[in-house]
Amino acid sequence: MPLPAGSLRRAVAVLSLSVLLSARSAAQRRPAHSNSSANCWSHLHPVNMFNSYNVKFYHSKALTSPYPGSHVERSQVPEDKVGWLTEWKDYNPVEYTAKSVLSGPSWADPQINDEGFSPKFNERDGEVERKSLNGLYVVENGRPRNPAGRTGLTGRGLLGRWGPNHAADPIVTRWKRDGSGNKVAHPVTGKNILQFVAIKRRDCGEWAIPGGMVDPGEKISATLRREFGEEALNSLQKSPEEKAKLEKQLHKLFSQEHFVVYRGYVDDPRNTDNAWMETEAVNYHDETGETMDNLPLEAGDDAGVVKWIDISEKLELYASHSYFIKLVTEKRGAHWSEDPGPECHE
């Protein structure tokens, strides 16, 4: 059956992202960081493919073993059997949900068969958003089915929600300026250099966008602002007076013009057949630099260090973060690479 117009537009957007990511990953393929801390794994590149009217996703990180934070080995899934449309009668995935999830924290669902638990998948379920950014997903035997295909593991692993688990990534940028306040251009390309606020995570030591999970009932815009405040400004440790002042300045920054860099499924080592990560990355740009000049950067609990970093292709950021940042430079007409190279038109 043909996709609705809105779904088709999303699918085409997914295709364009796939082509660019495929070209980039082929040149810069890295081994999976299977021993990194689980908290770093919410930002891995979304690799998607579109074929005719059937939307498909290809994932690789979601097939890695051992499963994060455990010794659990996934069942092996050959590349040609990842997609659900490929019949595989002998498919025998491992069932695993972490004890930290089963202990019943506020951010996690109960087990699917628990008495009184009747989740409404593919819609907003009370305060919990169970709609996917990529459209409808299949629910089979009472469990949501990962739209990207088989992962070799059922249950929820480390993820709290059955189905989509929503995150948000605020990319806060400004122009690099000299001592006189003038924009600094790159000596080779002549393009102005953009900077963004990056955190170095305590858990895995990687530089990253200061993002996090969307709380129940919380709007994405609120998550973006809250996570930036907590991780880049250490807002949780501020006095009520300091917090009120920060909130006012954050409101000014996050009320400015912004654009959505990416929305959708994320290929993540924590994903299972029944639970997966999705994110929305949004760029907030401080054109004059005046707003951020009044916001003192200070690392929060999850961050070891926070600072402004010059943007270029030489940045060593975790997986999809580099790609999201590259999209921002294209939007802003900023410097990215000394060697522009041919564009990919596959």
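A: Start with the idea of a nonpolar core: a set of buried Ala, Val, Leu, Ile, Met, Phe, Trp, Tyr and Cys residues joined through side-chain atoms within 4.5 Å. Buried here means under 20% relative accessible area. The model is predicted. In this model the largest nonpolar core has 22 residues, and those with the most contacts inside it are Ile171, Phe196, Val261, Ile311, Phe324 and Ile325.

Q: Which elements give two or more residues to this core?

A: They are strand S9 (163-175), strand S10 (194-201), strand S13 and helix H6. The most comes from H6, with 5 residues. There is also a second, separate core of 20 residues, which includes Val197, Ile199, Val282 and Val306.

Q: What does the chain as a whole contain in helices and strands?

A: The chain has 6 helices and 15 strands. Of its 346 residues, 49% are buried. The accessible surface comes to about 17100 Å², and carbon and sulfur atoms hold 49% of that surface. For contacts, look at pairs with a separation of 6 or more in the chain: residues 24 or more positions apart account for 71% of them.

Q: How is the length of a helix checked, and what span should H6 have?

A: A helix is expected to span 1.5 Å times one less than its number of residues. Helix H6 covers residues 320-332, which is 13 residues, so it should span 18 Å. The C-alpha atoms at its ends are 19 Å apart, which agrees.

Q: Is H6 largely enclosed or largely open?

A: Count its buried residues. In H6, 11 of the 13 residues are buried, so the helix is largely enclosed by the rest of the structure. Among them are Tyr323, Phe324, Ile325, Leu327 and Val328, and the list also includes Lys326 and Arg332. Just after H6 comes Gly333, with a positive phi of about 65°.

Q: How is a pair of aromatic rings described?

A: By the distance of the centres and the angle of the planes. A search of the whole structure finds 8 such pairs. In one of them, the rings of Trp88 and Tyr91 have centres 4.9 Å apart and planes at 35°, so this pair is tilted. Planes under 30 degrees apart would count as stacked. Tyr262 and Phe324 are a stacked pair, with 5.6 Å from centre to centre and 20° between the planes.

Q: Which parts does the pair of Tyr262 and Phe324 tie together?

A: Tyr262 lies in strand S13 (residues 258-266) and Phe324 in helix H6, so the pair ties together parts that are 62 residues apart in sequence.

Q: What do the ring pairs around Trp88 form?

A: Ring pairs link Trp84, Trp88 and Tyr91 into a cluster. Lys81 lies over the face of Trp88, 5.9 Å from the ring centre. Elsewhere, Arg174 lies over the face of Trp308, at 4.0 Å from the ring centre.

Q: Which residue other than glycine has a positive phi near 55°?

A: That residue is Asn234. Asn234 lies in the loop between helix H3 (220-232) and helix H4 (240-254), and is buried at 9% relative accessible area. Asn122 also has a positive phi, near 65°, and lies in the loop between helix H2 (99-102) and strand S4 (124-125).

Notes. Residues numbered from 1 in each chain as written. Predicted model: local features only at pLDDT ≥ 70, side-chain atom pairs only at ≥ 80, totals over all residues. Heavy atoms only, no water. Helix = DSSP H or I, 4+ residues; strand = E, 2+ residues; numbered from the N terminus. Buried < 20%, exposed > 50% of the residue type's maximum accessible area, 1.4 Å probe, protein only. Phe/Tyr/Trp six-rings, centres within 6.5 Å; stacked < 30°, edge-to-face > 60°. Lys NZ or Arg CZ within 6 Å of the ring centre and 35° of its normal. Contact = heavy atoms within 4.5 Å. Areas by Shrake-Rupley, 256 points an atom, 1.4 Å probe, with all protein chains shown as cover.
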